[in-house]
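Please keep the sequence and the structure in view while reading.

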Amino acid sequence: MADGDRILDRFARLCETPSPVYAERPMADAVTAELRGLGLDVEEDDAGERIPAGAGNLLARVPGSGEGWLMFCAHIDTVPHEEPIAVELSDGVFRSRGETILGADNKAAVTVLLELAARHARDPAPVGLELLFTVAEEDALRGAKAFDVVKLRSPFGYVLDHATPIGEVITAAPTYKRLVADFDGQEAHAGMRPEDGHSAIAAAAAAIAEMKLGRLDEETTANVGVIHGGSASNVIPGQCRVEAEARSLDDERAAAVAGAMVEACSFGATEHGCDVDVSVEELFRGYRQSESSPAVAAAFAALRSRGHEPRGAPTGGGSDANAFVAAGFDCVNLANGTEANHTPQESVAAASIVEMYEIAEALIAEVAAG
């Protein structure tokens with residue numbers, strides 16, 4: 001098959017290989033087998049045991065013809081899905097044939113990395129390639145956070161994991177605070193002794209009503225995503241859990257919004273005679289990158305060489321790049337042309353997968369020249 005046909009055949013095969021977060025082993029084995037079939041060594045770290053996930057992070061190196069190294073990263077896990085994934089290609093666009101996700105997030109990028117390995121294992125690139133495949137990205141980047149970036153020889157790298165049109169270069173990503181509030185009230189019969197009860201759900205509702213949610217400013221959002229409590233409609237609920245988040249491109253703003261949400265929980269509990277236990281955890285730290293940095297500048301140049309007009313842009317989502325930057329390794333997240341990720345409407349044009357491969361090749365050329 002021609003390279004383009006091989007890339008697309010590989011993509012469909014990978015999407016149909018199950019790898020929901022924490023059950024990545026089939027995908028890890030498939031990736032490892034393909035890389036070793038090319039004569040490459042593959043190192044699997046102990047992240048699978050420490051997180052725990054279905055497998056560890058995989059790192060393979062493809063030696064180049066010259067000096068220097070360049071890292072590319074993709075995650076092999078997907079969001080959970082119940083039914084097997086069946087892929088169809090119609091009018092040049094890949095979609096799921098059923099009611100599941102497609103898995104283009106992030107198997108479009110995994111496909112690109114494996115094609116780089118296939119080509120340059122037989123025809124060395126001008127720089128060596130470090131190909132990193134992470135696990136548990138869909139749960140707060142846990143695989144990338146568990147990876148030891150000291151192992152990398154590259155001065156910087158690229159993650160191909162942003163679901164926007166090709167040409168977008170992520171230059172800012174948010175700090176993400178997760179809040180969990182457990183309200184503890186007093187159960188009572190709702191019809192016979194309601195005055196003896198203290199409703200944990202009412203306390204949670206009062207707390208949520210006090211919170212400022214949605215888009216708070218251009219850089220900041222807040223959301224309540226889960227509320228769960230009570231046991232029956234005729235019982236004043238004694239327990240209720242609220243799960244929420246705050247995100248901002250400004251670390252201090254994220255902390256302040258999370259703090260205000262904690263205060264709202266205390267208010268709601270007091271208003272309804274309940275206790276509340278609130279925990280706030282920073283799941284990943286945000287970053288900003290200059291368009292003049294070597295990694296971003298190389299991305300802009302590579303995109304222009306392929307006929308794209310690059311656009312530096314912030315995002316409200318996280319990626320493995322957040323974890324790597326926080327660990328001291330310069331990494332840039334690039335748009336990969338996928339759409340509607342995490343939903344049954346997820347899709348990606350076949351041309352976008354091939355184009356991302358060509359952009360990766362252009363990045364290699366730019367880094368070698370620079």
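Aspartate 91 lies in the loop between strand E4 (87–90) and strand E5 (93–96). The structure is a predicted model, and the values in this report are to be read accordingly. The relative accessibility of aspartate 91 is 80%, and the residue therefore counts as exposed, the cut-off being over 50%.

**Backbone features**

In general, most residues other than glycine have a negative phi, and most peptide bonds are trans. Aspartate 91 has a positive phi, near 55°, although this residue is not a glycine. Alanine 340 is likewise not a glycine and has a positive phi of about 55°. Alanine 340 is placed in the loop between strand E19 (338–339) and strand E20 (347–349). With a relative accessibility of 38%, alanine 340 counts as partly exposed.

Two cis peptide bonds may be described next. One joins isoleucine 51 to proline 52, with omega at about -10°. Proline 52 is situated in the loop between helix H3 (47–50) and strand E2. Another cis peptide bond joins aspartate 105 to asparagine 106, and its omega is about 15°. Asparagine 106 belongs to helix H4.

**Aromatic rings and a charge**

A pair of aromatic rings is described by the distance of the centres and the angle of the planes. There are five aromatic pairs in the structure. One of them is formed by phenylalanine 156 and tyrosine 158, whose ring centres lie 6.0 Å apart with 85° between the planes, an edge-to-face arrangement. Both phenylalanine 156 and tyrosine 158 are buried. Another pair consists of phenylalanine 324 and phenylalanine 329: the centres are 6.4 Å apart and the planes stand at 90°. Why is this pair edge-to-face? The angle of 90° between the planes is over 60 degrees, so the pair counts as edge-to-face. Phenylalanine 324 is buried, at 0% relative accessible area, and phenylalanine 329 is buried too, at 6%.

Ring pairs also join Phe72, Phe156 and Tyr158 into a cluster. Elsewhere, a charge meets a ring: the charged end of arginine 247 sits over the ring of tyrosine 176, at 4.2 Å from the ring centre.

**Nonpolar cores**

The largest nonpolar core holds 72 residues, and those that touch the most other members are Phe72, Phe94, Phe133 and Tyr158. Which helix gives the most to this core? Helix H10 (residues 350–369) does, with 10 residues. Apart from its neighbours within four places in sequence, phenylalanine 94 has contacts that include Leu8, Phe11, Ala12, Leu102, Val348 and Ile353.

| Residue | Relative accessibility | Class |
|---|---|---|
| Isoleucine 7 | 2% | buried |
| Alanine 117 | 0% | buried |
| Glycine 66 | 38% | partly exposed |

Isoleucine 7 is part of helix H1 (residues 3–15). Not counting residues up to four places away in sequence, isoleucine 7 touches Thr111, Glu115, Ile353 and Tyr357. Isoleucine 7 and glutamate 219 are 212 residues apart in sequence, and their C-alpha atoms are 37 Å apart in space.

Alanine 117 is found in helix H4 (residues 104–122). Residues up to four places away in sequence being left out, alanine 117 touches Leu35, Leu38, Leu40, Val62 and Leu131. Between the C-alpha atoms of alanine 117 and arginine 10 there are 13 Å, while 107 residues separate the two along the chain.

Glycine 66 occupies the loop between strand E2 (58–62) and strand E3 (69–75). Beyond its neighbours within four places in sequence, glycine 66 is in contact with Ala125 and Pro126. The C-alpha atoms of glycine 66 and arginine 193 are separated by 80 Å, and the two residues are 127 residues apart along the chain.

Key
Residues are numbered from 1 along each chain as its sequence is written. This is a predicted model: local features need pLDDT of at least 70, side-chain atom pairs count only at pLDDT 80 or more; totals for chains, interfaces and linings use all residues. Side-chain values use heavy atoms; hydrogens and water are left out. Rings of Phe, Tyr and Trp (its six-membered ring) pair if their centres lie within 6.5 Å; planes under 30 degrees apart count as stacked, over 60 as edge-to-face and the rest as tilted. Buried means under 20% relative accessible area, exposed over 50%, partly exposed in between (1.4 Å probe, protein chains only). A charge sits over a ring if NZ of Lys or CZ of Arg is within 6 Å of the ring centre and within 35 degrees of the ring normal. A nonpolar core is a set of buried Ala, Val, Leu, Ile, Met, Phe, Trp, Tyr and Cys residues joined through side-chain atoms within 4.5 Å. Helices (H or I, at least four residues) and strands (E, at least two) are DSSP runs, numbered from the N terminus. Contact means heavy atoms within 4.5 Å.
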